[in-house]
Amino acid sequence: MKKWFNLGALLLMVSGSLVFTSCKDDDDDNKPESPLVGVWAYESVDISITVNELDFIDYIIEAFDLTQAEAEEFEEEFIEEMNEFEGMKWTFTKDSKFTVTSPEGNESGTWSLSADNKKLSLTSGTETDVITVKSLTSGKMELFYAEEYEEDMDEDGEDDVFAISMNLKLKK
């Protein structure tokens with residue numbers, strides 16, 4: 001499954017559980033609509049990367065013997081490649097379905113939002129991912145996601161711990 005938070009070898013989506021009922025409760029019509037419902041567009045993203053608990057630039061300088069300027073240029077290009085959010089639109093419907101559209105393709109599934117509006121869960125196929133909702137209003141949303149994985153980045157035969165965190169801002 002191609003995740004809408006595709007960061008090369010890793011990335012994300014949102015997880016949680018959904019509760020299904022066999023019949024519709026009349027009280028559902030009286031529930032207020034979630035502020036999540038609607039069409040959201042990319043506004044900005046801040047991506048932070050560390051490798052072995054070192055800032056990405058410091059790691060690149062140390063591991064690949066680059067200058068500060070070369071490392072900064074590499075980081076900028078690397079983050080630019082990872083940022084596939086520009087041009088994306090997220091649609092959340094009242095019936096707990098979502099669709100993400102992007103130049104690379106579309107993805108859909110179901111969503112749930114915790115009672116305190118702090119955890120957004122997206123399920124697509126058999127995969128569920130969870131994203132922290134830092135803020136959610138009727139017109140703006142900020143999401144936070146962090147993930148770690150191990151990979152031999154510098155090809156020295158030992159796995160490096162690659163950690164990424166993102167703050168994604170969306171607007172209606």
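A polar contact is a pair of N or O atoms within 3.5 Å, where within protein one atom must be able to donate a hydrogen and the other to accept it, and where residues adjacent in sequence count only if both atoms are side-chain atoms. The structure is a predicted model, in which local features need pLDDT of at least 70 and side-chain atom pairs count only at pLDDT 80 or more, while totals for chains, interfaces and linings use all residues. Residues are numbered from 1 along each chain as its sequence is written, and side-chain values use heavy atoms, with hydrogens and water left out.

Helices (H or I, at least four residues) and strands (E, at least two) are DSSP runs numbered from the N terminus. Helix H1 covers residues 56-64, and its N-terminal end is capped by aspartate 55, a side-chain oxygen of which lies 3.2 Å from the backbone nitrogen of isoleucine 57. Within H1, Phe56, Ile57, Tyr59 and Ile60 are buried, where buried means under 20% relative accessible area, exposed over 50% and partly exposed in between (1.4 Å probe, protein chains only). Seen down the axis of H1, these buried residues fall within an arc of 160°, so they line one face of the helix; the arc is that of the directions from the helix axis to the C-beta atoms. An α-helix has 3.6 residues a turn, so residues three or four places apart point the same way. The cover over the buried residues of H1 includes strand E3 (38-51), strand E4 (54-55), helix H2 (68-82) and strand E11 (160-171), with contact meaning heavy atoms within 4.5 Å. Just after H1, aspartate 65 takes a positive phi of about 50°.

Rings of Phe, Tyr and Trp (its six-membered ring) pair if their centres lie within 6.5 Å, and planes under 30 degrees apart count as stacked, over 60 as edge-to-face and the rest as tilted. By this rule the count comes to 9 aromatic pairs. The ring centres of phenylalanine 92 and phenylalanine 98 are 6.5 Å apart and their planes stand at 35°, so this pair is tilted. Phenylalanine 92 is buried, with a relative accessible area of 3%, and phenylalanine 98 is likewise buried, at 1%. One aromatic cluster is formed by Phe56, Phe74, Phe78, Tyr149 and Phe162.

Strand E6 (residues 97-102) and strand E7 (residues 105-113) pair in the antiparallel sense over 6 bridges, two strands being paired if DSSP finds at least two bridges between them. A hairpin of 2 residues joins E6 to E7, and serine 102 has glycine 105 in E7 as its bridge partner.
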